[in-house]
Structures are given as C-alpha cells and as structure tokens.
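The following exercises are to be worked through with the sequence and the structure at hand. Each task is followed by a solution in steps.

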Amino acid sequence: MNFLLCKFLEFIKTINFSEHIALVLFSILPFALILGFLILTVIGLVLFERKILGYFTQRKGPNRVGFWGILQTTADAVKLLCKENIEISSGDNFLFTLSPIIAFAAIIILWCIIPYNAEFNMINSSVGILIYLIVSSFPMLFHFLAGYSSNNKYSIIGSYRALALTASYSVPIIFTILSIICITNTMNLNNIILFQTKKWIIFSNILGFVIFYISSIAKLNRCPFDLSEAESELVCGYHTEYSGMRFAMFFLGEYAELFVMCILISILFLGGYLPPFNVYLANIFMGNCSLCRYLIYFEQTFWLIFKTLLIIFSIIWIRATLPRFTQKTTLDFFWKYLTPLTIINLIIITFMRI
Amino acid sequence: MDKMILNLGPQHPSTHGVLRLQVVLEGEHVVSCEPDIGYLHRGMEKLAEAKSYIQYLPMVDRVDYLSGFFYSYAFCNAVECLNHIEVPQYANYVRVMMMELNRIASHLLWLGTYLLDLGAISPMFYTFRERETILDYFEKITGQRMMYNYFVFGGVRHNILYLDNVIKIVNNILFKINEYENIITDNPIFLSRTKGIGIISKKKALDWAITGPNLRACGILSDYRMNMHIYDDIEFDIVMSNEGDCYSRYIVRIYEMRESAFIIKQCVDWLKSNKKIPEPSQIFLNNFQKGEIYSYVEAPRGLSFCYLNSVGESTPYRLKWRTGSYYSTQLLKELLKGCSLADIMAIYGSLDVVLPEVDR
C-alpha cells in the first residue's frame, strides 16, 4: 500500500489539497472501491452462473434484459431493493433484521483481507489467514440465527443442518491451512503468494488442495452439500421467511463469499496473483518500460481473477452435475473420510519439512 | 428430544402437486407420517353420471394429465365391450403405439423430476427436451399436447400418422437414455440416496395392492399388458428387479422405456406393412346396452381399472376409476416411518405419484 500512498500524496500536492484530509480519505477510499467492486462482481457472478447453468442444460439463460441478458441481475437486484419490507409477526424481529446485515458485513471484511496484487492489500496483517478463518465463520453463525429468529420449521431445520455442517467442514479446512503454514512458514497471505514464485503449493500439497476444495464447497453451501437450503426438502432452508432487501443481503453475500473463497483457494494453492511460469505478459510485449510497472499490477489482478473464475466455473459444473447428499452421508463423509485424510496429509507434510 | 410436527405441502416444491404429508420429526428422523389427499378432487366419477358417453370422452384424459391415452383407452374399451363394437386391428396398433409413446413421455417426466427431488438440476432439462419431441408428435397427430381426446369408440379419430417421425423420435430417445444412464446410474451420490432406501417387501406390496413398475421392482412378475388383447401379437419383455428399493424402481422404469421403444418399433413396422387403412371410426352410440363391465389397462403408474355400470341410458349409471398412484400414496404411511427427512423426497418421488390421478 505504501507505493499507492506515495502516489496518492503526490497527486494531492499537485492539486493543493489538505494533506490531513487526504490521509483520512486514503483509509476510506479503498473500502469504497472494494464495495463497488464487490457489488459489480456479484452481479456479474450471478449472471455468469445462470448463463453457464443455462448452457449446461440446453438453454440460453437470461437473455432478455439488456444485450445478451447482461442487465438481468441488475434488474433483479433493483426489484429486490424496491420490495416491501415484510416484518415477521412472531419470532425475533431484531435478530431477523440483524442476521443478514452482519453476515454481509463479515463478507466485506473478507474481501478487504485479500491481496489483489502486490500493492493493493488493505489489511496486510501478519496473521491474515487467521483473520480470514475467524471472520469467515461469521456468516454461517448468522445463517443459523436467521433461521432461528424467523420462527419457521423449515428454517429451524435448515439452521441446525448448517450448524452440523459447520462443525464438520471446519476441521479439514483448518488442518489444510495448517499444512500450508507448515510449508510456507508464514500466515501472511502476501508472503504465502510470494513463496509460490518458484513452485505453486498445489504441486507439493495436491491432497490438501482436493480436501480444501471439497470443504470449501460445503462451506459455501453449494451443491452437493447445500443441505441447509435444500429446496426439495426445506423449501429455502434458513432464509425461507426472508424477502426483499434482507433476502438480497443473503443472496449477494452468498455469491460474494463464493468469490472470495475461490480467491483464497487460488492464493493458497495456485499462486494467487502470480502469472503462470512467472512471466508477465506486459514484460513480454512491452519490455521493461516504466509503464510496465503499472501494467503489471493490473495483470496480477487479472491473473488472480482468472484463476478464481476457473475455480468458480468448476464449482458451477459440479452443481450442474451432481445430486445432493443427505445429512447423514455428508457428516459421514466429512468425519469418517475427509478429517482422517486431512490429519494424515498434515503429518506427511510435517515430516517432509523435517 | 422434542417432536416436531411438520406439514409438507400441499404447497411444497417437491410434492409434485398438492399432497400434504403430516410428518412427525425427531430431529432428522421421521417418527410417523400421515399422507393427506383430496386437494385435487374434481369429481371425475360423479361427472360421468351427468354426462353422456361422448361428452365424457374428452374428460377422461384429465384423470391423469401425464398419461391421458391410457385412461382414454380404458374408457373406450369398456364402452366398446359393453356395446359390442368391433375395433379394427389397425386402430389397435395405433392405440398401442400411442400408449407406449405416452408411457415413455411419462417415465421421462418422472426421471427428470425425481432427479430434481434428489437435488440434481440438469437431468430435468434433458428429459424434458426428449419428452418435448414426443409431445410435439402428439400435437401433430391429435392437436393437443396433453389432453388428446384421440381414441374414440370403435377406433381412433383419424389415421394420419407420420410414422417416419415416430421412428426418428424413438431412435433418438433410445440413444439419449444411454446418456442419462451414463450420468445417473453409477453416480455414487445417487446410489447412496437410492440403494436400500424405501424398501417395499413382496408381501407389503401385495397387501397394499401396489401395481405397475413399483410392483415389478419388488420382484413380482405382474404386467397386465400380458392379458390385454391388443398386445397379443406384440413381443416384449417384462422388466423386473428384486430389491424393491428406490434404485430398483429407477432401473425398472429406465428399462421399461427401452421396452416401450421396442414395442413402438414393432407397431410402426406393422402399420407400415399394412396397406389397407380403414376409415376412421364414426360410431354414434344410440343403442345403449345394459350391464356392467371392468376394463383394465397397464398405465405407467400401475394397473388402472375402469368400472362401468350402464342401465341402458345415454349416461353411465356408475363409473369408477382404479388408479395406481392412489395405492402408492397410501403406502407412504408405512414406508416413510423411520427414514430421514431427506429420504422422504427420495422415496415419495420414486413411487411416481401424480396427484390428479390420486384424487380424480
């Protein structure tokens, strides 16, 4: 961020603006940038998923609003925001309103932890990955509270399914991250990426990648582990009673979480913003000019998002192909197979380090 | 643990209509289940007493909107037998062909919605794509996609049958069924959802009068197509499976579609080789016989009876339908006891219940 700060202050001096206000602005502006980026990404992502699912199932997907249906999700979002704010007559209205807000807010924090390129990393903490783990457990907790507060039987069932699932996928996720910390010797996300300059972690920890990938599908509450909102059994799971703005919060939050989780996968295993073969396209085409230095930042962001979209595509592919697990088989799968496998993986990685 | 009473339906995404299941839950565990039917009762049987035979004929398709031809056939057959109306062999073959096409369409819809119940979204679109080809053909022939009103007393409404289309459709579907099997049959998640789930024993199946594919999946050889005279000259195998669980019901239906395609091909061959095409039936009932009669047909959802009692008036004195789904629904009470919440949909879906057929 220092490089950006210097550039920003230089710019402020040229237009004769107060330096103190500029410093305050600099701590706010990136958040605004992230928020705007988040909303745009999520809207794009929903369209992306619907289009891909459409082509998987011999349809065209949304294609009416705007060119190639590009404004469809925007129209949906506007519709949801304009809807009447329905309060529930029985149940806890305070928690009912609070849950989507906090669940969404937690996801925004997750977005701020991510290093999008070598410079743009707002919360560059030495324990970034720990912050991620802690904050990312918030949405699930508030999904539970949402179901609990809406006083609906389907929601309650969805809620306790979500809790049971949380307990089972957390262990593999945490243990896999431990194995990565073991390899890289750091908890800073930026340093984890830089560690992979020579070799991506996926090559030294392939089992960990598979385990982390499966567990994050469960964490994202997506098929085949979408038990807490299994629409054929529970109508809509924990957000059965939600509508309008508050539903939109959950919905946007779900996709924002999908995106940020896939970013995390690409950071931990696929080298994050590093280009494949460690060669920047900007350097190939333009040599070592001064402009390249700026272009490389954009290219890093491009590579990060490119890898992320590939992972998201594979997750959508899985959704288009597989049926849903039941509660029992899911818990069996996580506790009986995945958790022991993770521990074995961790032990192997540790011994390799020694 | 406290027990929770959960009302699944009548407006629930996967009860395929308006079935209400009153389920007592203990966590995920189903303690007891009470199916509640009657939300789609249209009085098909009582209506028959107020309408003449010709007037009632178009309504018969609405007994089950997914397999209208079968009920149409059962009713026509009852009236024909009672009034001693001869049906030409040509019309019989047309009827068999149409009914088997309809059976494939019905099973395809079942396959798609069943996988949707299990949480897979794509197969529904695939099966609907193939079902569409059949419905398009029906539309071409009968003018309707669901309520055909094509069988009439003494034959079929007309004999313009685009037989080449049928061969094309059937070959395409035979090819696509293999594709479905590739994506579904060996899928471990599908196996874990269906194998050993919802087992109906032979005795239970017979006690509860289950018929059709559900009965054949229990290992009992029972197919009323064997006894129907219109199937006399047609070769076909009866598909059976021994386990009686959801998976064997799936397998039976998949193979039944292939068997139906085989029957259709025989019919098309016969119809093509037959040079003498009879005039379409134009029989007007004016001399009504007294008596009562049971006519039966092997519908996609089990054995269907049409009981017709006539006292020589222009309307039936009494008409009674026996439909397969009704008996499958009654079995739910025993079948769902002790399963988990997610299995409710797996079991209920596998029985292939269509609610209009239950309530009539």
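**Exercise 1: Burial at a proline**

Pro213(B) is buried, with 30 other C-beta atoms within 10 Å. The model is a predicted one, in which local features need pLDDT of at least 70, side-chain atom pairs count only at pLDDT 80 or more, and totals for chains, interfaces and linings use all residues. Residues are numbered from 1 along each chain as its sequence is written, while chains are lettered from A and ligands numbered from 1 in the order in which they are written.

Task: State in which helix Pro213(B) lies, and with which residues Pro213(B) is in contact, leaving aside its neighbours within four places in sequence.

Solution. 
Step 1. Recall the classes: a residue is buried if 20 or more other C-beta atoms lie within 10 Å of its own, exposed if 12 or fewer, and partly exposed in between, with C-beta atoms placed from the backbone.
Step 2. Locate the residue. Pro213(B) belongs to helix H9 (residues 213-216) of chain B; helices (H or I, at least four residues) and strands (E, at least two) are DSSP runs, numbered from the N terminus.
Step 3. Find the partners. Two residues are in contact if their C-beta atoms, placed from the backbone, lie within 7 Å. Leaving aside neighbours within four places in sequence, the partners of Pro213(B) are Arg249(B), Val252(B), Arg253(B) and Glu256(B).
Step 4. Compare sequence with space. Pro213(B) and Ile251(B) are 38 residues apart in sequence, and their C-alpha atoms are 9.6 Å apart.

**Exercise 2: Two helix pairs in chain A**

Task: Determine how H4(A) and H5(A) are oriented to each other, and how H2(A) and H13(A) are oriented.

Solution. 
Step 1. Axes are lines fitted to C-alpha atoms, for helices over the stretch in contact, and angles run from 0 to 180 degrees between N-to-C directions. Angles under 35 degrees count as roughly parallel, over 145 as roughly antiparallel, 65 to 115 as roughly perpendicular and the rest as oblique.
Step 2. Take helix H4 (residues 93-113) and helix H5 (residues 128-149) of chain A: the angle is about 160° and the axes are 8 Å apart. H4(A) and H5(A) are therefore roughly antiparallel.
Step 3. Sort the residues of this contact. The contact of H4(A) with H5(A) has 18 nonpolar, 5 polar and no charged residues; Ala, Val, Leu, Ile, Met, Phe, Trp, Tyr, Cys and Pro count as nonpolar, Asp, Glu, Lys and Arg as charged, and the others, Gly among them, as polar.
Step 4. Take helix H2 (residues 19-56) and helix H13 (residues 290-321) of chain A: the angle is about 45° and the axes are 10 Å apart. This makes H2(A) oblique to H13(A).
Step 5. Name the residues. Glu49(A), Ile52(A), Leu53(A) and Phe56(A) of H2(A) meet Phe313(A), Ile316(A) and Ala320(A) of H13(A). By class, this contact of H2(A) with H13(A) has 6 nonpolar, no polar and 1 charged residues.

**Exercise 3: Backbone angles in loops**

Task: Decide whether Trp68(A) is buried, partly exposed or exposed, and do likewise for Asn185(A).

Solution. 
Step 1. Trp68(A) has a positive phi of about 60° although it is not a glycine. Trp68(A) is found in the loop between H2 and helix H3 (72-82) of chain A.
Step 2. Trp68(A) has 14 C-beta neighbours inside 10 Å, so Trp68(A) counts as partly exposed.
Step 3. Asn185(A), also not a glycine, has a positive phi near 65°. Asn185(A) lies in the loop between H6 and helix H7 (189-195) of chain A.
Step 4. Asn185(A) has 10 C-beta neighbours inside 10 Å and therefore counts as exposed.
Step 5. Pro224(A) is in the loop between helix H9 (206-219) and H10 of chain A.
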